[in-house]
Structure formats: C-alpha cells, structure tokens
Amino acid sequence: VQLQASGGGLAQAGGSLRLSCAASGSVFSINAMGWYRQAPGKERELVAAIVSGGSTNYADSVKGRFTISRDDAKNTMYLQMNSLKPEDTAVYYCNAGIRRHGYSGYFTYWGQGTLVTVSS
C-alpha cells in the first residue's frame, strides 16, 4: 500500500491550491485520513482530518480557508486551500488508516509530502 500526495507548488498570497492524496495497492478500506504540514524549523502539525463517516476537523489557523474531502470510490483525499497566506508555506503530508485485503486491522500510512510555497 502506498499514499501518493500531489498538487503542491507555488502560489501567491490570496491564491488557491488543491492537494490530492491517493492510496494504491491492496486497499480494503480506509478509516481516518488527514493532512499534516511541517514548516522549516517547526514541528509537524495537523491541518485537517476526515473520518469515514465524513466528519471533519481543522486546525484553527485554517478554518474557513481550507476544506478537506474524500472520494472513497477512488481511495483519494483532497485538501482545497483558499486564501493562502505566506505562513501556510510548508511540506504537506497526508496520512491514512488503511486496512489491507486479508488483514483485520488498520495501519497508519504516510505519503511522501508535497511542498507548498506561498509568496507575499
């Protein structure tokens, strides 16, 4: 099983970007999924999370600007980022609790990270 994050890049302040995170391989089901970010010199922090029922939660710093969603048919999660600020600059990582075919438990997987740079 692999998680592949994509969609990062350079945006101007006030602009938008959309991140995607796709799970591939022997995926049976996915429960919680989340986006984290790590800025230079800072610890990794949770940005947004979504569970299989659709409930979401967001870091206070992104509420009202970012929207997390998922398409279970495609085993893919998205992060729509609007009204970007320079302080949103970071490497964004996705993670997911995935149950593989033939296994009874869920394991946490991480994507490789995608860089988001917001210029002022």
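**Close-up 1. The largest nonpolar core of this predicted model holds 32 residues.** W35, L79, M81 and Y92 have the most contacts inside this core. Several strands give two or more residues to it: β1, β3, β4 (27-38), β5 (45-50), β7, β8, β9 and β11 (114-119). The top contributor is β9, with five residues.

**Close-up 2. One disulfide is found in the whole structure.** The bond joins C21 to C94, with an S to S distance of 2.2 Å. The link of C21 and C94 is right-handed, with 70° about the S-S bond. C21 belongs to strand β3 and C94 to strand β9, so the pair ties together parts 73 residues apart in sequence. Are these cysteines buried or exposed? C21 is buried, at 0% relative accessible area. C94 is also buried, at 0% relative accessibility.

**Close-up 3. Four strands form an open sheet in the order β1-β3-β8-β7.** The pairing is antiparallel. β1 (2-6) and β7 (66-71) stand at the edges with a single partner strand each, so one side of each has no neighbour in the sheet. On average, neighbouring strands are turned by 15° against each other, direction ignored. Strands of a sheet pair through backbone hydrogen bonds, either parallel or antiparallel.

**Close-up 4. Strand β7 pairs with β8 (residues 76-81) through six bridges.** The two strands run antiparallel. S69 stands opposite Y78 in β8. The hairpin of β7 and β8 has four residues between the strands. In this hairpin, N75 takes a positive phi near 50°.

**Close-up 5. Side chains alternate along β7.** Which residues of β7 point to the buried face? F66, I68 and R70 point to one face and are buried.

**Close-up 6. N95 sits in strand β9 (residues 90-100).** N95 has a relative accessible area of 11%. Buried means under 20%, so N95 counts as buried. What does N95 touch, leaving out residues up to four places away in sequence? The contacts are L3, A32, M33, G34, Y36, M77, T108, Y109 and W110.

Definitions and conventions. Residues numbered from 1 in each chain as written. Predicted model: local features only at pLDDT ≥ 70, side-chain atom pairs only at ≥ 80, totals over all residues. Heavy atoms only, no water. Pairing = 2+ DSSP bridges. Axes fitted to C-alpha atoms, helices over the stretch in contact; angles between N-to-C directions. Buried < 20%, exposed > 50% of the residue type's maximum accessible area, 1.4 Å probe, protein only. Contact = heavy atoms within 4.5 Å. Core = buried A, V, L, I, M, F, W, Y, C linked by side-chain atoms within 4.5 Å. Disulfide = S-S within 2.5 Å.
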